[in-house]
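Here is a short report to read beside the model. Keep the sequence and the 3D view open as you go.

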Amino acid sequence: MVKSNKLYDLLSKKIVVLDGAMGTMLQTMGYNVNKHTELLCQTNPKVIEDIHYRYLMAGADIVYTNTFGANPYKLANYDFKGVVISAIECARRAVKRAGKGLVCFDMGTIGELMEPMGELTFDKVYEFYKEIVIIACDKVDMFVVETMSDLYELKCAVLAIKENSDLPCMVSMSFDAKGRTFSGCSIEAMVSTMQGLGVDVLGLNCGLGPKQIGPLVERLLKYSDVPVIVKPNAGLPVISNGQVSYDVDAEDFAETMLEYVKMGVNVVGGCCGTDESYIKLLANEVKALTPSKINLNNYSLVSSGTRCVEINQARIVGERINPTGKKIMKQAILDKDISYFQKQAVEQSEQGAEILDINMGVPNIDEPEMVKMSIKAVQSIVDCPLQIDSSDPKAIEMGLRYYNGKPLVNSVNGNVDVMEKILPLVRKYGAMVVGLTLDKNGIPKNIEDRLVIARRIVNKCKEYNIPTKDIVIDCLTLTLGAEQRQAMNTLIGLKRVKEELGVKTMLGISNISYGLPSRQIINSNFLTMALTYGLDLAIVNPNLPEIQEAFDTFRLIKDYDKDGQKYCNKYSAIKQTDTQTGEKMTLQESIIKSVSSTARELTVDLITKVDGLQIINNEVIPALNEIGKRYEEGTLFLPQLIRASEVAKMVCDIVKASMPTESQIKKAKIVICSVEGDIHDIGKNIVKTVLLNYGYEVIDIGRDVAIEKVIDSIKINKPEVVCLSALMTTTVANMKKTIEAIKLNGFKVIICVGGAVLTENVAKEIGADIYSKDPSQLVKYLESKGL
Amino acid sequence: MDNFEEIDYKEVSHYLKMPKLSDEDIVLFDSVKKLLLDIAEPKIIARMENCEIVDGFYYLPELGLHLKSNDVNKYFVNVEKIGVVAATIGVAVDRKIAFYSKIDMVKAMVLDAMSNVLVENLVDNWEYKMHNEYPDYEFCMRYSCGYGDLSIEMQPQIIKALNATKLIGISVCKSNMMIPQKSISAFLGLTKTKNKDEKIDICQLCALQGKCTTKCRRALQNGKIK
């Protein structure tokens, strides 16, 4: 495969004009565009060839092959390979006839939603695109992936192109007027991710008309380091007598597009509603203009699949998804408890973390697999960009591949062999990278030597074409308890690497207080000091009030928090007060009335006086019984039931912490899920919450869960109870199949079913042991069975 | 009428099976409403088409949709036009419900229930516009696939006929459920001969007839339940 320079030659010489819509031309000629128009490449190739030819003669420099929907998934029932080859031949013949032009192979969405919203996996989608690329790569001049909505799917396509051909790659997504795709991807998230992956041209197409996209084009040009493509519709769609037309004529279209070219757009074309007349006028308008020079910008960006975070001011990196010093997290990693990772992610995000650290470093586990699993789980629930934290290059590569967006990699250090293993991965997947100022000799004691290592890292990054804006240096926090003099060296080093090397900086704050009393006092003050020395990324536990207060105050003083809006909202808000303040209550009453602060105070007081089991038996259990009774009577409702049971759980947690493990009450283990085909999970989540609050051990294996996965989970977890949920009548059939499979495997479990369409009779018909109309009824049943 | 953002707390509490709201509940509802209106991306696509009877069932030739349902025939009396609509409040709402399910189940439940009301508002607004555009017609109740004997397997056809994936971002998964989850597709029958006073007992169509504990919104609006 030889690298094609034809696109670059064009881009250096002129404003590149692309073609207009294929569907619009076919529709005008009377073809049904609701069917697979790609098939026309085989059944009526002359028509397709003529359309390409007309666009070339109108002034297009590049034509897109008629292959937007030609993929192995959409054309599963057709001669997919034959269609692809015929489509390329149509474009090639047109180019030959016109005596000019380049052929760009056009790819669109595979046609079904990807995980986590849909069912197609990353690997499957990658394979679909790879199959196309392998067929087309020696027959075309470049690839384009266009009209995309899901950044994850676009990443699959780009990786398939990059890993299986040497051809240039253009990408464009469809945005709404706010600059988001239907799947929520922002312009900045797209630009940072795609640029990182090394696409040659990026931009937008379809979705809107030329008049609506001005602000979006500005954002594209601001953040992009590569040429920008703009290929809008001929205005907004108007439906009249069942026919769709667009409200901008060719003249207006060309005129508006000219403005964008003057702003810096170097590649233009038309999408839905445009035809050769639009392209002709457009080509005429731009032919005298020279392409704008691409200026490399200095924005340090990380992103998730939807949200981009610019490191232009201090940001919090949440440290909780990391087993170091955290027994529960370590156990969660060993148990592959993704639900726990997700909860930690949501809590940190809610408390202000803008990037989340993901570290699965527990001995004797398959770390690469765990990194993949945890990243998929976390990115499905929060929109924070992630930091892939590992010393294992294989784990880092796994994380980089399955991550949706532009991540931060933590870390390399001054050892050349470490950098040579990890930096190529950082380059390939386009991440930001953290460099630690240590090497085989350890952490230098003086500032100058730390700078030497930092400089070595920056220089090595340059060798791999990793720009300075994507480098973060961590000068390493040493504990005051052992290395008191090093604290200031760390801060001064931080300031100097930032000023002298122009990189971003990071520190793990909590290390400073290790082994000392009242750690939060030291941590919060050290955080403030580090921020004043220019720290960009603080790795902290964002859930701690002292850390939040230090950070919020710093942001207020630095004027990052404009008009102190966030500060005032957060700290002037009247803290939620218990409605029963001042009223004397028993612990039991405080649980029933969901007065958490009183319940906490009373519990803390009681455990100093009576046995823990006594608290549970005399206060918690009667309270839960009373809540259940009131719920059944209809004097208390589901939200109150949940709130009260949450307070009960909090009390139990406090009590448990004070009891020896062997004397703690153990309740049944329950596996819960929504059955295969059912994507609804609110009901399942409500039941899970109540069961957890009542002290059961609940293993949530998710929604739309395949039968085999349910069986595997029962084998591994050995639960006493399996709860299955279905909301739709159509998925009750899968519930039945799941129950049959459980029985066929001979598991001795109680099978409980629930969901809007279930009834006592349906439950019996499908073989369930029990139907529960709500979580309270289920708890009552389990307790009656002594579980 | 453009009441999209007017979320009726009575309807929300109805979904939550909460017959009365405390002051604390109202505070929670207000904060969830603010959040929801901030993240919702309402989008709607609709077509009003002439229909004909083919093989005993309503057929929309322009869209190629065939409503093979005896229940539809029962409630779409002498219908001449059928409106087809798909609406969504976007994927960010689904994500936020999942987000709060991890740390605040009550908030997640309220957000879920309120989102149902919001997406219904969107379609109500469209229906109201149709009433103004077609003043000479009587309107049959809105009818969705999966209801009565109108198969949910029709869902992908509706979404494809309206080009709703490309235009408003609704996809259909293998089990024919729509993504984003807070989406609606529906048919609206227009007739010139229907008796205005005719009351439709929509509960008669429902698979949960006689066992219903959830009580759907339409039944609430029609005064079938309180």
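How many salt bridges does the rule find across the interface of chain A and chain B? It finds three. Bear in mind that this is a predicted model.

**The interface**

One of the salt bridges joins B:Glu41 to A:Lys178. The closest N and O atoms of that pair are 3.4 Å apart. On the chain A side, helix 13 (338-350), helix 25 (638-658), helix 26 (682-693) and helix 28 (729-744) each supply at least two of the residues that touch chain B. Helix 13 of chain A gives the most, with seven residues. By type, the chain A side divides into 19 nonpolar, 19 polar and twelve charged residues.

The contact takes 50 residues from chain A and 45 residues from chain B. Together the two chains bury about 4200 Å² between them. Carbon and sulfur atoms account for 66% of that area.

**Chain B**

Chain B has eight helices and nine strands. Of its 226 residues, 56% count as buried. Take the contacts in chain B between residues at least 6 apart in sequence: 72% of them join residues at least 24 apart.

B:Gly56 sits in the loop between strand 2 (52-54) and strand 3 (57-60) of chain B. B:Gly56 counts as partly exposed, because its relative accessibility is 43%. Its C-alpha atom is separated by 30 Å from that of B:Ser183, 127 residues apart along the chain.

Chain B also holds a cis peptide bond, from B:Ile179 to B:Pro180, with omega near 0°. B:Pro180 belongs to the loop between strand 8 (178-179) and strand 9 (183-191) of chain B.

**Helix 5 of chain A**

Does the length of helix 5 (residues 80-98) of chain A agree or disagree with 1.5 Å a residue? It agrees: the 19 residues should span 27 Å, and the end C-alpha atoms are 27 Å apart. Buried residues of helix 5 of chain A include A:Phe80, A:Val83, A:Val84, A:Ile88, A:Cys90 and A:Val95. Just after helix 5 of chain A, A:Gly99 takes a positive phi of about 75°.

**Loop residues of chain A**

A:Ser390 lies in the loop between strand 15 (386-389) and helix 15 (393-402) of chain A. Is A:Ser390 buried or exposed? A:Ser390 counts as buried, because its relative accessibility is 6%. Its side chain makes a polar contact with the side chain of A:Glu367 at 2.7 Å. A polar atom of the A:Ser390 side chain also lies 2.9 Å from the backbone nitrogen of A:Asp392. Beyond its neighbours within four places in sequence, A:Ser390 is in contact with residues including A:Asn410 and A:Ser411.

A cis peptide bond joins A:Asn410 and A:Ser411, with omega about 20°. A:Ser411 is placed in strand 16 (residues 408-413) of chain A.

A:Ser304 lies in the loop between strand 11 (301-303) and strand 12 (308-310) of chain A. A:Ser304 is buried, with a relative accessible area of 6%. Leaving aside neighbours within four places in sequence, its contacts include A:Leu151, A:Asp383, A:Tyr403 and A:Asn404.

A:Gln212 is found in the loop between strand 6 (201-205) and helix 9 (214-223) of chain A. At 25% relative accessibility, A:Gln212 counts as partly exposed. Its side chain reaches the backbone nitrogen of A:Gly209 at 2.8 Å. The C-alpha atoms of A:Gln212 and A:Leu587 are separated by 60 Å, and the two residues are 375 apart along the chain.

Two chain A residues have a positive phi of about 60° although neither is a glycine: A:Asn465 and A:Asp563. The table gives their places and accessibility.

| Residue | Loop of chain A | Relative accessible area |
|---|---|---|
| A:Asn465 | between helix 17 (447-463) and strand 18 (471-474) | A:Asn465: 58%, exposed |
| A:Asp563 | between helix 20 (545-557) and helix 21 (565-572) | A:Asp563: 74%, exposed |

Definitions and conventions:
Residues are numbered from 1 along each chain as its sequence is written. Chains are lettered from A and ligands numbered from 1 in the order in which they are written. This is a predicted model: local features need pLDDT of at least 70, side-chain atom pairs count only at pLDDT 80 or more; totals for chains, interfaces and linings use all residues. Side-chain values use heavy atoms; hydrogens and water are left out. Helices (H or I, at least four residues) and strands (E, at least two) are DSSP runs, numbered from the N terminus. The expected span of a helix is 1.5 Å times one less than its number of residues. Buried means under 20% relative accessible area, exposed over 50%, partly exposed in between (1.4 Å probe, protein chains only). Contact means heavy atoms within 4.5 Å. Buried area is the accessible area (1.4 Å probe) that two parts lose on being put together, summed over both. A salt bridge is a side-chain nitrogen of Lys or Arg within 4 Å of a carboxyl oxygen of Asp or Glu. Ala, Val, Leu, Ile, Met, Phe, Trp, Tyr, Cys and Pro count as nonpolar, Asp, Glu, Lys and Arg as charged, and the others, Gly among them, as polar. A polar contact is a pair of N or O atoms within 3.5 Å; within protein, one must be able to donate a hydrogen and the other to accept it, and residues adjacent in sequence count only if both atoms are side-chain atoms.
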